[in-house]
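The sequence and the structure come first, and the description follows.

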Amino acid sequence: FLGICLEPAQIGTAPPIFGFAEFLSALALLVVVFSISDFRYRLRLLLTRYPVRPIAFGVSASIAALILLIDVWFHNAWPIPAAINSHNNMRAFLGAVFLAMVFHLIFVAFVRPPRFGRANANQYFRAMHDFVGKGNPDQLVVLAEELGASAESIIEWAAEYRPDKQESKKARRSLPTAEC
């Protein structure tokens, strides 16, 4: 088909790598760990420049669907390109993607927490506004510590912020130009 050599999918004799049951157990454990983790680590996941939690959900859902698809494909021996005709290699690749996602979450939450910057300024503002408004004393202590770690960066960005210049640029752009 289109110059690609197709052959029936073959499972092989090696023990399976990263099956659906293992994925569900690892996912359940990950959800429990982040659900019962300290407020500080959940806050750090909110402060990243990109939405970590929805992305992690999408990656996990995709991996689950692909594991099921791979299992159905190979158990029914449907045609597959010869270059990727390895049940275990495909599942091992999905396992590596899941492991990379888990280590990224751990890295962001525990090892190198996000600091205030241009890319995550809106996330900082929303999180601080929401949690300060709630007034939970335990959360306020954590917020103060996290803000303290980003204080230097906040001061640097505040020194560069010029709302008057930005407003005048917007006003100049919106003025109609006179034609001669």
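## Fold and basis of the model

The protein chain contains eight helices and two strands, where helices (H or I, at least four residues) and strands (E, at least two) are DSSP runs, numbered from the N terminus. Read along the sequence, these elements follow the pattern β-α-α-α-β-α-α-α-α-α.

The model is a predicted one, in which local features need pLDDT of at least 70 and side-chain atom pairs count only at pLDDT 80 or more, whereas totals for chains, interfaces and linings use all residues. Residues are numbered from 1 along each chain as its sequence is written, and side-chain values use heavy atoms, with hydrogens and water left out.

## Overall dimensions and surface

Along its principal axes, the C-alpha trace of the protein chain spans about 70 × 65 × 25 Å. Of the 180 residues of the protein chain, 29% count as buried, a class that means under 20% relative accessible area, with exposed meaning over 50% and partly exposed in between (1.4 Å probe, protein chains only).

The accessible surface of the protein chain comes to about 12300 Å², and 65% of this surface belongs to carbon and sulfur atoms; accessible areas come from the Shrake-Rupley method with a 1.4 Å probe, and for residues only the protein chains shown count as cover. Among the contacts in the protein chain with a separation of 6 or more, 78% are accounted for by residues 24 or more positions apart, contact meaning heavy atoms within 4.5 Å.

Side chains of opposite charge can pair when their charged atoms come close. The structure holds five salt bridges, each defined as a side-chain nitrogen of Lys or Arg within 4 Å of a carboxyl oxygen of Asp or Glu. Arg40 forms one of them with Glu145, the closest N and O atoms being 2.5 Å apart. Because Arg40 lies in helix α2 (residues 39-46) and Glu145 in helix α6 (residues 137-149), this pair ties together parts that are 105 residues apart in sequence. Arg40 counts as buried at 17% relative accessibility, whereas Glu145, at 40%, counts as partly exposed.

Arg40 also meets Glu146 in a salt bridge (3.3 Å, N to O), a pair that links distant parts of the chain, 106 residues apart. Glu146 is buried, with 3% relative accessibility, and Glu146 forms a further salt bridge with Arg44, the closest N and O atoms being 3.1 Å apart. Since Arg44 lies in helix α2 and Glu146 in helix α6, that pair ties together parts 102 residues apart in sequence. Arg44 is buried, as is Glu146. Together with Asp38, the residues Arg40, Arg44, Glu145 and Glu146 are linked in a network of salt bridges.

Arg91 has its place in helix α4 (residues 87-111) and is buried, with a relative accessible area of 6%. Leaving aside its neighbours within four places in sequence, Arg91 is in contact with Pro16, Ile17, Phe18, Gly19, Ile70 and Asp71.

## A nonpolar surface patch

Leu66, Leu69, Val72, Trp73 and Trp78 make a nonpolar surface patch of about 420 Å². Patches are made of residues with over 30% relative accessible area and no salt bridge, like charges being joined within 9 Å and nonpolar side chains (Val, Leu, Ile, Met, Phe, Trp, Tyr) within 5 Å. Val72, which lies in helix α3 (residues 52-75), is partly exposed, with a relative accessible area of 40%.
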